[in-house]
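Dear colleague,

I am handing over the structure below, together with an account of what was found in it. Please look through the coordinates first and then read on.

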Amino acid sequence: MNGVWAAGFWGLVGGSALLIGAMIAYFVHLPQRLIASVMAIGAGVLISAVAFDLMDEAFQQGGFDSTASGFLGGAAVYTLANIVVSRRGARHRKRSGSNPDESQPDASSGSGTAIAIGALLDGIPESVVIGVSLLSGGGVSTVTVAAVFLSNVPEGLSSAAGMKAAGHGARYIFGVWGGIAVASAIAAMIGNVALAGSSPDLIAGVTAVAAGAILAMLVDTMIPEATEATHDYSGLIAVCGFLGAFVLSKSGG
């Protein structure tokens with residue numbers, strides 16, 4: 001498969017988890033504890049991907065300077081963008097909604113758009129990494145795709161449940177998450193095309209930027225949801241996700 005199309009395919013695979021989560025939320029009511037457990041597993045997998053795939057790859061290609069500056073820059077840019085969308089109604093976009101103070105605002109408030117933008121903000125770094133990972137000529141990183149998929153399922157699930165409760169219909173909900181899944185594929189393709197033939201330092205910097213943004217996203221949005229309902233067990237569940245991804249990465253995944 002041509003590199004750019006492979007990038008689009010794997011970006012779509014990761015982004016499609018949002019749509020799958022939305023479909024589950026629309027037709028089935030799941031316990032918050034189960035949603036939080038999936039989020040904890042996804043957090044553990046993403047932490048492993050950041051540490052052993054993204055940061056290690058960035059350091060090998062560009063050394064400490066490109067990796068460190070990109071990592072801090074990515075976290076800073078994500079944090080600023082997250083503050084903006086959070087103030088417009090997307091603060092709890094990954095929450096399951098058990099706390100009435102954290103439920104989605106009403107359907108006319110525009111929070112659905114903010115949540116969609118927030119989800120896109122979360123997914124762009126992940127999708128770009130998928131596209132960049134194919135530039136070396138090897139296959140896509142199984143750990144990265146698995147991490148993206150596992151983090152997107154509960155996000156689509158919890159956010160779609162909130163949208164449904166706020167009065168949005170199926171066409172709106174599935175249209176939003178389907179559009180973001182397609183946008184994830186496009187972001188992966190852009191990452192693959194834009195950085196083709198780039199210097200190792202630039203690729204390292206972009207990879208580190210994505211790593212910093214992903215880690216900031218984990219702490220800001222995924223970990224609070226994971227610990228909200230699983231409390232005493234969230235750390236253990238996250239460790240299991242981390243270990244699974246670590247084993248996969250070291251076994252050639």
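To begin with helix 6, its 31 residues should span 45 Å at 1.5 Å a residue, and because its end C-alpha atoms are 41 Å apart, the two values agree. Please keep in mind throughout that this is a predicted model. Helix 6 also bends by about 45° at Leu218, and the residue that follows the helix, His231, has a positive phi, near 35°.

Helix 1, which covers residues 3-27, can be described in the same terms: its 25 residues reach 36 Å from the first C-alpha to the last, close to the 36 Å expected at 1.5 Å a residue. Helix 1 bends by about 30° at Gly14, and Gly14 is itself one of the buried residues of this helix, a list that also includes Val4, Gly11, Leu18, Gly21 and Ala25.

As for the chain as a whole, the secondary structure comes to seven helices and zero strands, so that, by the definition of these elements, the order from the N terminus on reads α-α-α-α-α-α-α. Of the 253 residues, 49% count as buried, and the accessible surface comes to about 11,100 Å², of which 68% belongs to carbon and sulfur atoms. Among the contacts with a separation of 6 or more, 86% are accounted for by residues 24 or more positions apart.

The largest nonpolar core has 25 residues, and those with the most contacts inside it are Leu46, Leu54, Tyr78, Ile214, Leu218 and Met222. Two or more residues of this core come from each of helix 2 (32-90), helix 3, helix 4 (142-165), helix 6 (200-230) and helix 7 (234-250), with helix 2 giving the most, namely 10 residues. Ile214, for its part, is in contact with Leu46, Val50, Leu54, Pro125 and Glu126, if its neighbours within four places in sequence are left aside. A second, separate core of 12 residues includes Ile173, Val176, Trp177 and Ile180.

Ser127 is found in helix 3, residues 111-133, and it counts as buried because its relative accessible area is 4%, which is under the 20% cut-off. Leaving aside its neighbours within four places in sequence, Ser127 is in contact with Ser184, Ala187 and Ala188.

Asp53 lies in helix 2 and, at 17% relative accessibility, also counts as buried. With its neighbours within four places in sequence left aside, the contacts of Asp53 are Ser48, Ser141, Val143, Thr144 and Ser249.

Val247, by contrast, has its place in helix 7 and counts as partly exposed, because its relative accessibility is 47% and the range for that class lies between 20% and 50%.

With kind regards

How values were computed. Residues numbered from 1 in each chain as written. Predicted model: local features only at pLDDT ≥ 70, side-chain atom pairs only at ≥ 80, totals over all residues. Heavy atoms only, no water. Helix = DSSP H or I, 4+ residues; strand = E, 2+ residues; numbered from the N terminus. Buried < 20%, exposed > 50% of the residue type's maximum accessible area, 1.4 Å probe, protein only. Contact = heavy atoms within 4.5 Å. Core = buried A, V, L, I, M, F, W, Y, C linked by side-chain atoms within 4.5 Å. Expected span 1.5 Å × (residues − 1). Bend = angle between axes of the 7 residues up to and from the residue. Areas by Shrake-Rupley, 256 points an atom, 1.4 Å probe, with all protein chains shown as cover.
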